[in-house]
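Here's a quick tour of one model, loop first, then sheet, then charged pairs. Have a look at the sequence and coordinates before reading on.

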Amino acid sequence: MISVQTGSRPTVRDITAEAERFVSDQGDGLLHVFVPHATAGLAIIETGSGSDEDLLRALDDLLPTDDRWRHRHGSPGHGRDHVLPAFVPPYATLPVLGGRLQLGTWQSLCLVDTNGDNPTRKVRFSFLPG
């Protein structure tokens, strides 16, 4: 399990390097990644070209931080953070060949955290040999 600092603002944090380190001495199989939090998820997207900010903007459009949410504790609009995992799931499974993630050229594994109330997240890596 790793700890990821996400801060107090919505963020998309690339954790590909951490995942690559975890599988580097493994053979072929599957990497399963899980975020044990009710308000964070995992996405496989391109980063560094604006897609991460586009994702956050799209989530704001889809799940605005206003008073529509019945779940109301925490910061304003926090109820949307609890709906996030239905759209950005808290898990991902990636193929591994020869100890290397088989992501596409522009794909990165990212932690998506819209909840500024919890600045530190845990991410669990599990390897299933194949």
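## A loop, a sheet and some salt bridges

Gly-7 sits in the loop that runs between strand 1 and strand 2 (11-14). Strands here are DSSP runs of E with at least two residues, helices are runs of H or I with at least four, and both are numbered from the N terminus. A word on the ground rules: this is a predicted model, where local features need pLDDT of at least 70 and side-chain atom pairs count only at pLDDT 80 or more, while totals for chains, interfaces and linings use all residues. Residues are numbered from 1 along each chain as its sequence is written, and side-chain values use heavy atoms, with hydrogens and water left out.

Back to Gly-7. Its relative accessibility is 29%, so Gly-7 counts as partly exposed (buried is under 20% relative accessible area, exposed is over 50%, partly exposed is in between, with a 1.4 Å probe and protein chains only). Setting aside neighbours within four places in sequence, Gly-7 is in contact with Gly-116, Asn-118 and Pro-119 (contact: heavy atoms within 4.5 Å). His-32 is 25 residues from Gly-7 along the chain, and their C-alpha atoms are 25 Å apart.

Five strands make an open sheet in the order 1-8-3-5-6, with antiparallel pairing; two strands pair if DSSP finds at least two bridges between them. At the edges are strand 1 (2-5) and strand 6 (100-101), each pairing on one side only. Strand 5 (residues 91-97) pairs with strand 6 in the antiparallel sense over two bridges, and Leu-97 has Arg-100 in strand 6 as its bridge partner.

What about the charges? A search of the whole structure turns up five salt bridges, a salt bridge being a side-chain nitrogen of Lys or Arg within 4 Å of a carboxyl oxygen of Asp or Glu. Three of these pairs are listed here:

| Pair | N to O distance |
|---|---|
| Arg-80 and Asp-60 | 2.9 Å |
| Arg-68 and Asp-66 | 2.7 Å |
| Arg-80 and Asp-81 | 3.0 Å |

Arg-80 and Asp-81 are both buried, and salt bridges with shared partners join Asp-60, Arg-80 and Asp-81 into one network. Arg-80 has a relative accessible area of 3%, whereas Asp-60 is partly exposed at 37% relative accessibility.
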